[in-house]
Amino acid sequence: TARATDDDGAVTTSAPVTVTVESQSPPPAGLSAPWSSQDVGAVGIAGSASDSGGVFTVKGAGADIWGSSDAFRYVWQPLSGDADVVARVSSIEYVHAWVKAGVMIREQLSVDSAHALMLVSPGKGLAYQRRTHAGRGSSSTSGGGGTAPAWVKLERRGSTITAYTSSNGVNWTLVGSDTFVMGANVHVGLVVSSHVTGQLATAVFDSVSVTKR
């Protein structure tokens, strides 16, 4: 309402009017506990991550996850000991044939950390890639052709990490297994690298789980 008072002290009040204030932009998206997200390495442009109803949307840049130094967006949670890490990569943006989206077990958040990655790409199929010792080079085992949607899984048992793929999340196909020099405390979760420094690629994940063993 508006109220007016004249020189003689007479007061008049208007009829009420309803005013609606709308936000010009949605509140910033984030991740639910226990998930954290950050860029690892020189990505050129900041990535982002959010989850809603169990669906994760991850945007990441970076030249690659390969060789002796990585650059990517990581959505992770801490883990001690053995676990299974599972996700379905439901979609992946084609920025480059070697855009990588998948599940990772990584000892440190440094660029040259030991890690295991079971990935889906938009143009190069599926692959189990890993760096078994910090600071060393990478190796790769093909998981066959195809692209998203695809299920990926890593199993950690002691110093051994084994990678699998699936078309339905029930029947799993072994891709490869390797022995790692890695402490008990690690970081596990989802990765996206666009394979192009300074350009983001988006991947969507669902059916994400980290199960202690």
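**Figure 1. Ala101 and Val192 in the pairing of β10 with β17.** Ala101 stands opposite Val192 of strand β17. The model shown here and in the other views is predicted. Strand β10, residues 100–106, and β17 run antiparallel to each other and are joined by seven bridges.

**Figure 2. Strand β17 and its pairing with β8.** Strand β17 covers residues 185–193; eight of its nine residues are buried, so the strand is largely enclosed by the rest of the structure. Strand β8, residues 72–80, pairs with β17 in the antiparallel sense, over eight bridges. Within this view, Ser80 is placed opposite Asn185 of β17.

**Figure 3. The hairpin of β15 and β16.** Strands β15 (residues 160–166) and β16 (residues 172–179) form an antiparallel pair with seven bridges. Thr160 has Thr179 of β16 as its bridge partner. Five residues lie between the two strands, and Gly169 of this hairpin adopts a positive phi near 80 degrees.

**Figure 4. Cis peptide bond at Pro34.** Ala33 and Pro34 are joined by a cis peptide bond with omega of about 10 degrees. Pro34 belongs to the loop that links β2 (11–13) and β3 (36–40).

**Figure 5. Cis peptide bond at Pro149.** The bond between Ala148 and Pro149 is cis, and its omega is about 0 degrees. Pro149 sits in the loop between β13 (139–142) and β14 (150–157).

**Figure 6. Positive phi at His195 and Ser207.** His195 is not a glycine, yet its phi is positive, at about 70 degrees. The residue lies in the loop between β17 and β18 (196–212). Ser207, also not a glycine, has a positive phi of about 55 degrees. Ser207 is located within strand β18. Its relative accessible area is 38%, so Ser207 is partly exposed.

**Figure 7. The whole chain, for orientation of the close-ups.** The protein contains 18 strands and zero helices. Its C-alpha trace spans about 90 × 35 × 30 Å along the principal axes. The radius of gyration is 23 Å, whereas a compact globule of 213 residues would have one near 17 Å. Of the 213 residues, 43% are buried. Among contacts with a separation of 6 or more, 64% involve residues 24 or more positions apart. The accessible surface is about 10,000 Å², and carbon and sulfur atoms contribute 50% of this area. There are 15 positive and 16 negative side chains, with the centres of the two sets 15 Å apart.

Notes. Residues numbered from 1 in each chain as written. Heavy atoms only, no water. Pairing = 2+ DSSP bridges. Helix = DSSP H or I, 4+ residues; strand = E, 2+ residues; numbered from the N terminus. Rg over C-alpha atoms; globule rule 2.2 N^0.38 Å. Buried < 20%, exposed > 50% of the residue type's maximum accessible area, 1.4 Å probe, protein only. Contact = heavy atoms within 4.5 Å. Areas by Shrake-Rupley, 256 points an atom, 1.4 Å probe, with all protein chains shown as cover. Lys, Arg positive; Asp, Glu negative; His and termini not counted. Charge placed at Lys NZ, Arg CZ, Asp CG, Glu CD.
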